[in-house]
Amino acid sequence: MRSIFTVSVSAIAVIAGSAAFAQERTVKYYGDFDPAPLAAMQEVIADFEAANPDIKIEFQNFDHEGYKTSIRNFLTAEAPDLANWYAGNRMAPFVNSGQFMDVSDVWEEHGLKESLASALPSMTIDGKQWGVPYTYYQWGIYYNKEAYAAAGVEVPETWDQFIENCAAFKEAGIDCVTTGTKALWPGAGIFDYLNMRTNGYEFHMALANGEVEWTDDRVKATFAEWAKLVEPGYITQNHAALDWQDAAALLVQGKAANYVMGNFAVAVFKEGGMTDETLGFLPFPTINPDVPRAEEAPTDTVHIPSGASNVEDAKKFLAYLAGPDAQTKINAAMGQLPINKDASVNEDDPFIKAGFELLSTTPGGIAQFFDRDAPAEMAKMGMEGFQQYMVQPDQLDNILERLEKARQRIYK
Amino acid sequence: MTHAGTQSRPQHRSWWRENQQKLTPYIFLIPGVIFFLVYVIIPIFESFWLSGFDWDGLGEKEWIGFSNYQELFDDDAFYTSLKNNVIWLVLYMLAVPAGLGIAIFLNQKVRGIRAYKSLFFFPFVISQVVVGLIFAWFYAPNFGLFYKLIEWATGSGIAVLADPDLVTYGIIAAGLWPQIAYCMILYLTGLNAVDPEQIEAARLDAAKGFKMLWYVILPQLRPATFMAVVVTVIGALRSFDLVSIMTDGGPFGSSRVLSFYMYEQALSEYGYRMGYGAAIAVVLFLIMMVFISGFIWKMVDDERKGL
């Protein structure tokens, strides 16, 4: 009784205090941000609320891994109005099972097909758009300039030069390429680039979509390029027991020269003491000059679950998040690239600048990443295969047969 | 009067009063039985049922009969997991004699023995996750203590958790640490109950050393041994947390065990094959069933003999 009384008194006080509060509508938003992007997203939310005083965004943050497992539960049980996820095939299970809402009208109404054009293909399933992308980042080779100086080699232009350099690095006791595949995915970055540089974007996507056999000669050609790194031992030993951050430490310490990674790793390199003077970025070198250059840029997205209760306001927020102001702000904090072509990037950050130029001039196409382009099961099997190949290159035929068997089952 | 009063009552005694004594134990059992049914028995049958479907946990279920099992028996990863489970079962048993050895060693009256006992018991108190992390760092390439030791002794270090042939043994070693402590505590309590008169009598008959242990002490420790074996078998079969923490099943799946593979297929980031996961669960259940029925049969048998 007493609590009811207190509540009603405070409710009256609130209503009396501000009439606007009485009509306030809330939008529940679940996400998984690291601390810096979280702060930026909260700013974006505050800006949105300032522009729409009658809407309140209730944001709840999860840690990444916890989010990935709980999203399935909350989408079916108690859906929020907005939820973070990823583009490409990664959102397909939720789209196909009807958990995400079609937001094509938001795209139409706000001209997003133009302003977010670079991400349109990866947001489209069955000709409809299922969410709004707000950030992406480039992949490429990050290198330690001091290691290059120690081995006395130049930054390579071509794949052959890259391999030649590796011999010099080996001589100097430096790992030419480092990686940490304990969590499997870093190995997939190497495969994606080797495959896109050898066979091109179209082939790579066909492979990820299960349209090409894994035992195909073109796949074997990709692995033949990979063998140039694996067989002479140019890749860090014991990478299967290393987390990607452990491998980043090797690069920072100059024990490794190159790291095929996403731009998010720059923060880790810099925390380890590297600066713009010692850390370099180079696009993955050309292997087959006949295929147009394609790049890898995983896109993060926000969606409206089908069970959302406040769809109208959620769509307003999506439209706002797609705009240039919001995208500039959040990407400045994340150290990543906005998708809206009218948004601006931080010109002082050489890696952001390089990434922006790299992605905006890509002729071949932009891949998401192996574990987002291929369906989850295939991604897992594939990444295990890539890891095994780097440890046991003589098992290649077994690995490819295993993947082919999986392909026939998964895509049927 | 009172006497007459009770005399006149019998025909009024309700059925409830009549059977109260007989019913009470069942009534007390009801809450436990309900929970056991809902959380243990019914899920077992649900797993059997689910294992016949192709289902991602969200969309439509599709009945595919025994196809999941067909695929399972043609799946290399399944056989790797099964093989690892067997290795776990065999090597984990080392915890029983090791625990006994430490218990006998600590079963003496020295100043501060309680402190030593608690130090030995310590690994069982800390969480498996912490044990896994400690050992993962212990084995870590480039900076782990074990790696450095091997490097110092042989010239080149071994990254246990990156080596597909060694990884399972490395994880089992981590698991043995707390498990030995557990067996030790079981035996320590058992040793308290050993009859000193029998030992004295055996001494008079000139029994000592191994013979004393084998013929006099161990038979009296039978209940402790039974418990130690049971908890160790169960611990080996559900060895999930260490695998998950230390390697996540890797490198390329070579440290998976059945319980981890089940989780991976059904619930992990790249999984969501509920039917396939359920099929693995069924196989794991059947393996466990062999041991569990063995244990239950032995317990009933002992009770009948009045042991």
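This is a short tour of a predicted model, stop by stop, with something to select at each one.

**Stop 1: all of chain A**

Colour it by secondary structure, and you'll be looking at 21 helices and 13 strands. Along its principal axes, the C-alpha atoms of chain A fill a box of roughly 80 × 50 × 45 Å. How does the radius of gyration of chain A fit with a compact globule? For 412 residues, such a globule would have a value near 22 Å, and chain A comes in at 23 Å, which agrees.

Next, think about what is hidden inside. Of the 412 residues in chain A, 46% are buried. If you take the contacts in chain A with a separation of 6 or more, 77% of them link residues 24 or more positions apart.

**Stop 2: a sheet in chain A**

Stay in chain A and pick out the open sheet of 5 strands, ordered β2-β1-β3-β12-β6. The pairing in this sheet is mixed. Here's some background: strands of a sheet pair through backbone hydrogen bonds, either parallel or antiparallel. Which strands sit at the edges? Select 55–61 for β2 and 132–136 for β6 of chain A; each of these pairs on one side only. Look along the sheet and you can follow its twist, which averages 25 degrees from one strand to the next.

Now zoom in on one pair. Strand β3 (residues 82–86) and strand β12 (residues 299–303) of chain A run antiparallel and are joined by 4 bridges. Click on A:Asn84, then look across to β12(A): the residue standing opposite is A:Val302.

**Stop 3: where chain A meets chain B**

Bring chain B back into view. How many residues are in contact here? On the chain A side there are 22, and on the chain B side 18. To see what chain A brings to this contact, select α4 (64–76), α5 (92–96) and α20 (376–391) of chain A, each of which supplies at least two residues. The largest share, 8 residues, comes from α20(A).

**Stop 4**

In chain B, the domain assignment gives domain 1 (2–50) and domain 2 (76–305), so give each its own colour. The C-alpha centres of these two domains of chain B lie 40 Å apart. Where they touch, 4 residues of domain 1 are in contact with 6 residues of domain 2. The domain 1 side of that contact has 3 nonpolar residues, 1 polar and no charged.

**Stop 5**

Some background first: most residues other than glycine have a negative phi. Our last two selections go the other way.

Select A:Asp126, in the loop between β4 (124–125) and β5 (128–129) of chain A. Its phi is near 55 degrees, a positive value.

Finally, jump to B:Phe252, in the loop between α13 (241–246) and α14 (258–266) of chain B. The phi of B:Phe252 is near 30 degrees, also a positive value. B:Phe252 has 27 C-beta neighbours inside 10 Å. The cut-off for buried is 20 or more, so B:Phe252 counts as buried.

Definitions and conventions:
Residues are numbered from 1 along each chain as its sequence is written. Chains are lettered from A and ligands numbered from 1 in the order in which they are written. This is a predicted model: local features need pLDDT of at least 70, side-chain atom pairs count only at pLDDT 80 or more; totals for chains, interfaces and linings use all residues. Two residues are in contact if their C-beta atoms, placed from the backbone, lie within 7 Å. The radius of gyration is taken over C-alpha atoms; the globule rule is 2.2 Å times the number of residues to the power 0.38. A residue is buried if 20 or more other C-beta atoms lie within 10 Å of its own, exposed if 12 or fewer, and partly exposed in between; C-beta atoms are placed from the backbone. Ala, Val, Leu, Ile, Met, Phe, Trp, Tyr, Cys and Pro count as nonpolar, Asp, Glu, Lys and Arg as charged, and the others, Gly among them, as polar. Two strands pair if DSSP finds at least two bridges between them. Axes are lines fitted to C-alpha atoms, for helices over the stretch in contact, and angles run from 0 to 180 degrees between N-to-C directions.
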